[in-house]
Amino acid sequence: MATLREKLKAKRNEKGKSLDALAKDAGLSKSYLWELENRDSPRPSLDKLQAIAGALDIDVAFFMDDSIEDLQENLKDRQFFRNYTKLGEEDKERLRAFVEVLKRKNS
C-alpha cells in the first residue's frame, strides 16, 4: 500500500513538476507540499487534496485509494474520457469507428 506522501511525490515527479510549480498551480505553499511529501503530517483537507489533484490533472480519488496500482488504470481511462469529451464531433466519430474496428478484430 502506498502512502499519501509516496503517491504525491511519485505523481509530481511523473508529471515533471517541481514543488514550486505544484505549489503555484495548486494555490498552496511550497513548504506545505514539502511537509506532505516528507513528513507524517496530519491528513490534508479534501479541498487541499482537490487543489493538488487539479494541479496534477488527476482525480482526487488517486490519493484516497489504498491501491496505487489498481487506481492507475482507472485514472488513465478517466483521463482518456476527459480528452474525448473535448474533441470535436468529427474526431469523436472517427474515434468511435476506430473502437468498433478494434472490437471486431478482438472478437
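Phe-81 and Tyr-84 are separated by about one helical turn, being three residues apart in helix H6 (residues 68-85); helices (H or I, at least four residues) and strands (E, at least two) are DSSP runs, numbered from the N terminus. The model is a predicted one, in which local features need pLDDT of at least 70 and side-chain atom pairs count only at pLDDT 80 or more, while totals for chains, interfaces and linings use all residues. Residues are numbered from 1 along each chain as its sequence is written, and side-chain values use heavy atoms, with hydrogens and water left out.

The structure holds two aromatic pairs. Rings of Phe, Tyr and Trp (its six-membered ring) pair if their centres lie within 6.5 Å; planes under 30 degrees apart count as stacked, over 60 as edge-to-face and the rest as tilted. The pair of Phe-62 and Phe-63 is edge-to-face, because the ring centres are 5.4 Å apart and the planes stand at 75°. The pair of Phe-81 and Tyr-84 is stacked, because the centres are 6.1 Å apart and the planes are at 25°. Relative accessible area was classed as buried (under 20%), exposed (over 50%) or partly exposed (in between), with a 1.4 Å probe and protein chains only. Phe-62 is buried at 1% relative accessibility, and Phe-63 is buried at 5%. Phe-81 is exposed at 52%, whereas Tyr-84 is buried at 17%.

Helix H6 also contains Arg-78, which is partly exposed with a relative accessible area of 36%.

The protein has seven helices and zero strands. Of its 107 residues, 28% are buried. The accessible surface is about 7,400 Å², with 52% belonging to carbon and sulfur atoms; areas come from the Shrake-Rupley method with a 1.4 Å probe, and for residues only the protein chains shown count as cover.

A search of the whole structure finds 10 salt bridges, each defined as a side-chain nitrogen of Lys or Arg within 4 Å of a carboxyl oxygen of Asp or Glu. In helix H7, Arg-94 and Asp-91 are three residues apart, about one turn of the helix, and form a salt bridge with the closest N and O atoms 2.6 Å apart. Asp-91 is partly exposed at 35% relative accessibility. Arg-96 is partly exposed at 33%, as is Glu-93 at 46%. Glu-100 and Lys-103 meet in a salt bridge at 3.1 Å, N to O.

Helix H7 (residues 89-106) also includes Leu-102, which is partly exposed at 34% relative accessibility. Together with Phe-98 and Val-99, Leu-102 forms a nonpolar surface patch with about 250 Å² of accessible area. Patches are made of residues with over 30% relative accessible area and no salt bridge, like charges being joined within 9 Å and nonpolar side chains (Val, Leu, Ile, Met, Phe, Trp, Tyr) within 5 Å.

Lys-17 lies in the loop between helix H1 (4-14) and helix H2 (19-26). Its side chain makes a polar contact of 2.3 Å with the side chain of Asp-25 and reaches the backbone oxygen of Ala-55 at 3.0 Å. A polar contact is a pair of N or O atoms within 3.5 Å; within protein, one must be able to donate a hydrogen and the other to accept it, and residues adjacent in sequence count only if both atoms are side-chain atoms.
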